[in-house]
Amino acid sequence: MSVPTPPPEEPGPEKLPPFFWLLLRGADAIEPPTHPVDSPAKIVMMHGWLQDHTCWLTTAQKLRDKFGHDVLLLDFYGHGRSPYLPNFYHMNMQTSRRQLRMLLEHVGWEDDAVVLAGLSFGGGVAQHYALHYPDHVERMVLLGSVGSPEPTWRPIPFFIRTLGWLNSLLLFPRNPENYKPPNKPTWLNNFRGKIWMARKYPTHDLPPNMPQFLRRYPLSLVWGKYDTLHSPQLRRWMCKDQTTFEDHTPPDARVTPDGDLELGEAAVERTGPRTDVNVLLVPLDHTMFCVTIDHLNLHNYPQFWHHDPHLDADGVPHPTHALKHLKIQRTSAPCPPPLLKSML
C-alpha cells in the first residue's frame, strides 16, 4: 500500500528551542536484563495532552531492566519540564512531530527503525511521524490514540467541539497572521497554546486510511473499553466481516505463587495465521486510562515491543511461557488481519 499524503504543514518556529528528554539505555542498567533479547529495541514513548514523560517512567524502566531495550522519553512543548513556545499558534501536532524528529537526530536514532508508543495525543504524533518517515518505524503501539472520527451526537465529542468553538471566539485573535507574541510567555498565552494543540480533535489531520497504512508494521492497540473521548473503534483496524472471539485458554491453567503459568494436561488449540494486530482492552474511561497507564504492566507483553521468541511461526505462545498469555483470545475472522485480544 502506498503512503498516504501527509497533511499540510502548520506554522511553526524556524528553530525549535531546547526541551526536556530522558534516555534510559539498556547498557546503563545496574543489573543485566532478566529476559535479554537478541536485538534490543529502540523505543520512544510519548505522553498525552496535559501530561508529561513521568506517565511512562515506570514502564520505561521495566522495559530497560527486563529486556535491555533503550527507551527514550520526552516532554512536548508546554508540558512537563519543556518550555512553552512564545507564539501559541506554533503549539500544534506538526511542531510536536518536528520535536520528535529533532530528538531522534540528536541521540543518533534518525536512521534507525524505532518502536513508537503514543498515548492519546502522543499516538497522533507517532502516526504523523510514520507518515513522514515510514521506513524509520519498526513497530507501533497506540494507546487511546487520537485519529479516529467521533460521532458528533456523543456528549463528550459534542462538548469538546463546542468548547473549541467558544475558545476560538473568546481567546484567539481574529487575524493569526498579524499576531505578535509577547517577549515572554504569559499564563494566558500558555493557556491558549494548550487549547490550540487540541483544536483539531479528534482526527488531528490524520487521513482516514491510517489503519490500513499502519498494518505494514506490527501493530498493538491498548484502549480503555469505556473511552468515549477517543473510542476504540476496533472495526476500523479489522476486516469488515463479522468477527467472533474464541477463548482457547486451557480450563486447568493456573498461576503459581512465583507468577509462572502452569497449563496442566489440557492442550492449547489455536488456529489461524500469525497475529498482525494485538489489542488490549482495559475497563476504564479515557481519563483513568491515561492516569493509570504506568500501572498496566505493559512490559509483560513482549509482542508489543519486539519479536517474541516464545511465539512459534503461527503466533502461538509456547506452553512454558509466562502469565501474560493466560487471558489471550484469538479471532476466527475470515479475512486478514487476525486480532489478538486480551482482557485484564
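# Chatting through a predicted model

Me: Good to know. Where does H204 lie?
Reply: You'll find H204 in the loop between helix 5 and helix 6.

Me: And what is H204 in contact with, leaving aside its neighbours within four places in sequence?
Reply: H204 has contacts with M93, F121, H128, V146, M197 and A198.

Me: What about the phi of H204?
Reply: Phi is positive there, about 55°, although H204 is not a glycine.

Me: Which peptide bond is cis?
Reply: The bond from Y201 to P202 is cis, and its omega is near 0°. P202 sits in the loop between helix 5 and helix 6, and H204 lies in the loop between these two helices as well.

Me: Which residue other than glycine has a phi near 70°?
Reply: That is L50, where phi is positive. L50 belongs to the loop between strand 2 (42–46) and helix 1 (57–67).

Me: Is L50 buried or exposed?
Reply: L50 counts as exposed, because its relative accessibility is 53% and exposed means over 50%.

Me: Let's step back. What does the chain average for pLDDT?
Reply: The average is 78, and 77% of the residues score at least 70. Over residues 239–256, though, the pLDDT is below 50, and the model gives this stretch 52 contacts beyond near neighbours in sequence. Residues 318–344 also stay under 50, with 105 contacts beyond four places in sequence.

Me: How should I read the coordinates where pLDDT is low?
Reply: Predicted coordinates with low pLDDT should not be read in detail.

Me: How many residues line the largest pocket?
Reply: There are 26 residues in the lining, and those nearest the centre of the pocket are W49, I160, A198, Y201 and L229.

Me: What is the lining like by class?
Reply: It has 15 nonpolar, 9 polar and 2 charged residues.

Me: Now cavities. How many of 30 Å³ or more does the structure hold?
Reply: The structure holds 4 of them. The second largest cavity has about 70 Å³ of space. It is lined by 13 residues, with Q127, V146, G147, S148 and W237 closest to its centre. By class, that lining has 8 nonpolar, 4 polar and 1 charged residues.

Me: I'd like to look at helix 3 next. How many residues does it have?
Reply: Helix 3 has 12 residues, running over 121–132. From its first C-alpha to its last it reaches 17 Å, close to the 16 Å expected at 1.5 Å a residue.

Me: Why is helix 3 largely enclosed by the rest of the structure?
Reply: Because 11 of its 12 residues are buried.

Me: Last topic, helix 1. Which of its residues are buried?
Reply: T59, A60, L63, R64, K66 and F67 are buried. They pack against strand 1 (21–24), strand 2, strand 3 (70–74) and helix 8 (302–305). Just after helix 1 comes G68, with a positive phi of about 85°.

Me: What does R64 touch, not counting residues up to four places away in sequence?
Reply: R64 touches L24, R25, G26, A29, P33, H69 and V71. R64 and P33 are 31 residues apart in sequence, while their C-alpha atoms are 7.3 Å apart in space. R64 has a relative accessible area of 18%, so it falls under the 20% cut-off for buried.

Methods:
Residues numbered from 1 in each chain as written. Predicted model: local features only at pLDDT ≥ 70, side-chain atom pairs only at ≥ 80, totals over all residues. Heavy atoms only, no water. pLDDT = per-residue confidence, 0-100. Contact = heavy atoms within 4.5 Å. 1 Å grid on protein atoms, 1.4 Å probe; cavity = no way out; pocket = protein on both sides within 12 Å on 5 of 7 lines; lining within 4 Å. Nonpolar A, V, L, I, M, F, W, Y, C, P; charged D, E, K, R; others polar. Helix = DSSP H or I, 4+ residues; strand = E, 2+ residues; numbered from the N terminus. Buried < 20%, exposed > 50% of the residue type's maximum accessible area, 1.4 Å probe, protein only. Points joined across faces, edges and corners; volume = space filled by probe spheres on them. Expected span 1.5 Å × (residues − 1).
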